[in-house]
Amino acid sequence: MKKYIVLTVLFALPICAYLFFSSGVNNFVKLPTLTSNVPEISQWTSLDGKPVSLKEKITILGFPGSEILKEKGNSFNLDQKIYNKNKEFQDFQVVMVAPIGAEGQAKELMTELGRISDLSKWHFVFAKPEEIKTFYSKLKLVGQLNENLATSNVYIVDKDLNLRGRKGKNKKGEVEYKEGYNAISAADLHNEMSDDVKIILAEYRLELKRNNKRKI
């Protein structure tokens, strides 16, 4: 009897896991690519002096601008609703792009967040304003940065440097478009972004399983 129970569990568990991660409110079989060939950022200076790369990482990308502390509520929402739920995945990270001169605010924010979270996969990188504008323009988004080089939206970039989101018809035949997720809204992060991150992680789990590679 125990043998049959074990066999049933071994057979059913992978199927249940796949259904859990691939199902979601957006009803896309695969999260569409909105922009290909997102530029690398490894040439920019990070807060801890170590290079930060988007390639081979599942990245939550944000632009807090020059007034990081003024908008710190967005970072706390992101930390609680997305980062803490996924930081155990080896190739997951959060990257915040800010203008040079905002390093002190970034350190203060990291200190505050560090009281409630392990921020080993949360990074700040700094660039000149024109470099940030050029980088953002290459994401080919409808939304724009404000005068402080900030937006409340955060974005999903996959391991192959594709910006992912919702575009086209979902499985219900409904047209959707969503390029970013509003960090001001805990509901937007908890419901829509959390769901879309699950789909991205499910894709890579299946890919690793097919290729018999290491786990994420």
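The report below goes from the whole chain to a glycine, a pocket, charged pairs and aromatic rings.

## The model and its chain

This is a predicted model, in which local features need pLDDT of at least 70, side-chain atom pairs count only at pLDDT 80 or more, and totals for chains, interfaces and linings use all residues. Residues are numbered from 1 along each chain as its sequence is written, and side-chain values use heavy atoms, with hydrogens and water left out.

The protein chain has 5 helices and 10 strands. Both come from DSSP runs, numbered from the N terminus: helices are H or I with at least four residues, strands are E with at least two. Of the 216 residues, 47% count as buried. Buried means under 20% relative accessible area, exposed means over 50%, and partly exposed lies in between (1.4 Å probe, protein chains only). Among contacts in the chain with a separation of 6 or more, 80% come from residues 24 or more positions apart; a contact means heavy atoms within 4.5 Å.

## A glycine in a loop

Where does G65 sit? You will find G65 in the loop between β3 (58-64) and α2 (72-86). G65 counts as buried because its relative accessible area is 0%.

Leaving aside residues up to four places away in sequence, G65 touches V97, A98, P99, A102, N148, L149 and A150. Take P99 from that list: G65 and P99 are 34 residues apart in sequence, and their C-alpha atoms are 6.5 Å apart in space.

## The second largest pocket

Rolling a probe the size of a water molecule over the atoms shows where empty space is left. The second largest pocket has a volume of about 240 Å³. Of the 20 residues that line this pocket, F63, P64, E71, N74 and T151 are the closest to its centre. Pockets are found on a 1 Å grid over the protein atoms alone: a pocket is an open set of points with protein on both sides within 12 Å along at least five of seven lines, unlike a cavity, where a 1.4 Å probe fits but cannot get out, and lining residues have an atom within 4 Å of a point. Grid points are joined across faces, edges and corners, and the volume is the space filled by probe spheres set on the points.

Which element gives the most to the lining of the second largest pocket? That is β6, with 5 residues. β3, α2 and β6 (150-157) each supply at least two residues of the lining. By class, the lining has 9 nonpolar, 8 polar and 3 charged residues. Here Ala, Val, Leu, Ile, Met, Phe, Trp, Tyr, Cys and Pro count as nonpolar, Asp, Glu, Lys and Arg as charged, and the others, Gly among them, as polar.

## Charged pairs

Side chains of opposite charge can pair when their charged atoms come close. A salt bridge here is a side-chain nitrogen of Lys or Arg within 4 Å of a carboxyl oxygen of Asp or Glu, and the count comes to 10 salt bridges. In one of them, E112 pairs with K72, the closest N and O atoms being 3.1 Å apart. This pair links distant parts of the chain, with E112 in helix α3 (residues 103-114) and K72 in helix α2, 40 residues apart. E112 counts as buried at 18% relative accessibility, while K72 counts as partly exposed at 30%.

R164 and D158 also meet in a salt bridge, at 2.7 Å from N to O. R164 is buried at 3% relative accessibility, and D158 is buried at 2%. A network of salt bridges links D158, R164 and E203.

Another salt bridge joins the side chains of E176 and R166 (3.2 Å, N to O). E176 lies in strand β9 (residues 175-178) and R166 in strand β8 (residues 166-169), so the pair ties together parts that are 10 residues apart in sequence. Both E176 and R166 are buried.

## Aromatic rings

Rings of Phe, Tyr and Trp (its six-membered ring) pair if their centres lie within 6.5 Å; planes under 30 degrees apart count as stacked, over 60 as edge-to-face and the rest as tilted. The count comes to 8 aromatic pairs. F124 and F126 form a stacked pair, 6.2 Å centre to centre with 15 degrees between the planes.

Y136 and Y155 form an edge-to-face pair, 6.4 Å centre to centre with 65 degrees between the planes. Y136 lies in helix α4 (residues 129-137) and Y155 in strand β6, so the pair ties together parts that are 19 residues apart in sequence. Ring pairs link W44, F63, F135, Y136 and Y155 into a cluster.
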